[in-house]
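Good morning, colleagues. Please take a moment with the sequence and the structure before I go through selected residues.

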Amino acid sequence: SYINGARVRGNPKLQINENRDLINIPEFMLSIDDEVFRAKANFNLSDITSYTFSLQNENTNFKAIKGFLPDSLSAKLSAYSIHKPLKTTLNMSGKFQFRDKPKLYAVFSATDNDVDIKDNINLTNASFNGYLTNSLYENDSVKSLKSSRKDFKIFFNDFNANIEDIKFSATNSYFQSSIDASNLINAQIRLHGPNETLAKVLKNDNFGFFGGKFNLEANILGDIPHADQIFNFATGSFHLSDAQVVLKKNGLQLPLETMALTLDNENSVLEELRINLPNGEDLILRGNLKNVSSLISNNPVKPTSSYITLDSRRLNVNRLIDTAKELTTKSNIESDDQRTLHETLNTIYDKFHPRFKLNLNTVEYKTVELTDLNADVELVGPETISLNDFTFKYDDATTNLKGTFKVPEPKSTFQEPIFIDFHARSSGSVRIFQDLFNIKLVDIKTGEYQFSGDITGNVHKFEQLLNNVKGNLALKNAKFYYYNAALDIAF
């Protein structure tokens with residue numbers, strides 16, 4: 001005879017109890033296709049005929065088992081391949097009546113096995129034990145009314161394996177599918193190992209790692225609609241240390257000392273991201289990330305958004321850029337700065353949709369030093385940065401900017417590399433203009449200024465800002481010295 005298309009052979013001996021309408025089949029060897037089981041069964045004929053079956057096999061072929069399971073259960077296991085035999089015990093009970101759903105309970109275990117998941121994750125040295133059942137509501141008479149033939153649960157008491165040289169473990173974890181929740185996962189997991197292997201397994205198009213290690217400890221709980229959203233249903237912690245973070249588009253690298261992330265479902269906390277800079281300086285970022293799962297996906301269902309704070313006594317932008325370039329692979333050393341900036345902004349926007357809160361005592365960029373910089377900055381598109389609020393001091397002048405600037409892709413229709421559109425308010429000593437705009441015609445001696453207006457246009461060099469200014473400039477108690485005429489000019 002056949003079970004779900006599989007050929008069944010055996011030589012059972014029946015023990016009949018006519019007084020109690022029972023048939024007992026003692027243990028015998030049962031072949032289902034090429035699998036051989038120790039089998040036994042009982043039938044109760046007293047009312048509606050009921051039955052129980054028990055099958056045991058010390059060396060079960062997983063592929064063969066999937067072949068003669070009911071289609072609804074076999075479909076749930078279609079993404080998995082187990083290459084070495086399992087130890088299994090299957091108990092099945094039910095009634096010979098219309099629409100009866102047999103109850104299945106299978107206990108399994110394996111050591112030193114190999115498991116493939118969807119042909120892209122390979123687990124080696126896998127040891128695990130647990131059970132599989134289609135009876136989810138045995139102790140709940142109300143919920144049992146919802147039971148269907150598609151109900152399924154696989155539970156692991158323990159699961160330990162390697163993903164290359166990453167160690168993976170899970171305890172008291174299960175996957176369950178029902179009418180109420182088609183992809184319910186409750187898992188206590190830990191992964192730890194080299195950062196480079198993590199990047200290889202994730203196959204992320206944007207970022208890679210050189211060196212260092214990571215550790216993930218999490219409880220995953222929820223009805224997860226898509227695998228890429230799994231960490232939006234997780235609580236726990238992720239820690240990464242001693243790595244070079246690589247932007248794949250241009251090879252740009254930054255030395256990451258540590259990243260500590262607390263997972264809290266869709267809202268995760270970046271406890272610390274520390275980047276090492278020359279002369280012992282560190283850049284430390286903290287903040288919040290929403291939909292953190294999207295960071296591991298190349299095509300996320302919902303993008304990650306982040307709100308990051310940066311507090312620093314002194315930030316030298318020149319050293320930050322030099323550090324990133326020094327670590328860049330040789331093939332990218334001669335890359336165009338504007339293209340590098342555009343690619344970097346594009347990738348950061350694509351993965352993080354970030355908004356930054358900056359609180360910097362001192363910022364150095366090229367020959368300019370700014371102090372008391374406080375800003376709310378947001379990347380609102382792959383090429384556009386919005387300055388929601390940007391306040392700083394240059395010498396004893398205070399400036400506030402609000403607006404956007406855009407870094408278009410090179411060879412676009414823009415004639416200049418950066419397009420700015422700011423509303424500016426600034427006040428302070430007029431002497432700042434002497435060095436800021438390299439004024440040679442006159443010597444600015446004293447005076448105060450106030451400016452309110454708009455700066456709009458394509459800007460290639462800092463001096464060209466003057467050509468893009470529209471607004472009101474007021475000078476008070478200003479005194480210039482005109483060299484050519486040896487003349488003092490007062491306002």
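Ser306 counts as buried, because its relative accessibility is 7%, under the 20% cut-off. The model in which we see this is a predicted one. Ser306 belongs to strand E20, which covers residues 305–316. What does the side chain of Ser306 reach? It reaches the backbone oxygen of Phe352, at 3.1 Å. Leaving aside residues up to four places away in sequence, Ser306 touches Asn288, Leu289, Phe352, His353, Pro354 and Arg355.

One of those neighbours, His353, deserves a word of its own. His353 is not a glycine, yet its phi is positive, near 40°. His353 sits in the loop between helix H5 (337–352) and strand E21 (354–365). Is His353 buried or partly exposed? His353 is partly exposed, since its relative accessible area is 25%.

A second residue with a positive phi is Asn125, at about 50°, again without being a glycine. Asn125, however, is placed in a strand, namely E10, residues 121–133. Its relative accessibility is 41%, so Asn125 counts as partly exposed.

Let me turn to the aromatic rings. How many aromatic pairs does a search of the whole structure find? The search finds 18. One of them joins Phe43 and Phe53 in an edge-to-face arrangement, with 5.7 Å centre to centre and 90° between the planes. Phe43 is in strand E5 (residues 35–44) and Phe53 in strand E6 (residues 50–60), so this pair ties together parts that are 10 residues apart in sequence. As for accessibility, Phe43 counts as buried because its value is 18%, whereas Phe53 is partly exposed, with a relative accessible area of 30%.

Phe43 also pairs with Phe96, and this arrangement is stacked: the centres are 6.2 Å apart and the planes are at 10°. Here the link is between distant parts of the chain, from Phe43 in strand E5 to Phe96 in the loop between strand E8 (86–95) and E9, 53 residues away. Phe96 counts as exposed, because its relative accessibility is 51%. Phe43, a buried residue, is thus in a ring pair with a partner that is partly exposed, Phe53, and in another with a partner that is exposed, Phe96.

Leu104 is 51 residues from Phe53 in sequence, and the C-alpha to C-alpha distance is 9.6 Å. Leu104 is found in strand E9, residues 103–117. Leu104 is buried, since its relative accessible area is 7%.

Elsewhere, ring pairs link Phe108, Phe128, Phe156, Phe159 and Phe168 into a cluster. Which ring does the charged end of Lys153 sit over? The ring is that of Tyr174, and the charged end lies 4.4 Å from its centre.

I will finish with the chain as a whole. The chain has 6 helices and 28 strands. Of its 491 residues, 42% are buried. Among contacts between residues at least 6 apart in sequence, 51% join residues at least 24 apart. The accessible surface comes to about 27,300 Å², and carbon and sulfur atoms account for 51% of that surface. Thank you for your attention.

Key:
Residues numbered from 1 in each chain as written. Predicted model: local features only at pLDDT ≥ 70, side-chain atom pairs only at ≥ 80, totals over all residues. Heavy atoms only, no water. Helix = DSSP H or I, 4+ residues; strand = E, 2+ residues; numbered from the N terminus. Buried < 20%, exposed > 50% of the residue type's maximum accessible area, 1.4 Å probe, protein only. Contact = heavy atoms within 4.5 Å. Areas by Shrake-Rupley, 256 points an atom, 1.4 Å probe, with all protein chains shown as cover. Polar contact = N/O pair within 3.5 Å; in protein donor to acceptor, adjacent residues only side chain to side chain. Phe/Tyr/Trp six-rings, centres within 6.5 Å; stacked < 30°, edge-to-face > 60°. Lys NZ or Arg CZ within 6 Å of the ring centre and 35° of its normal.
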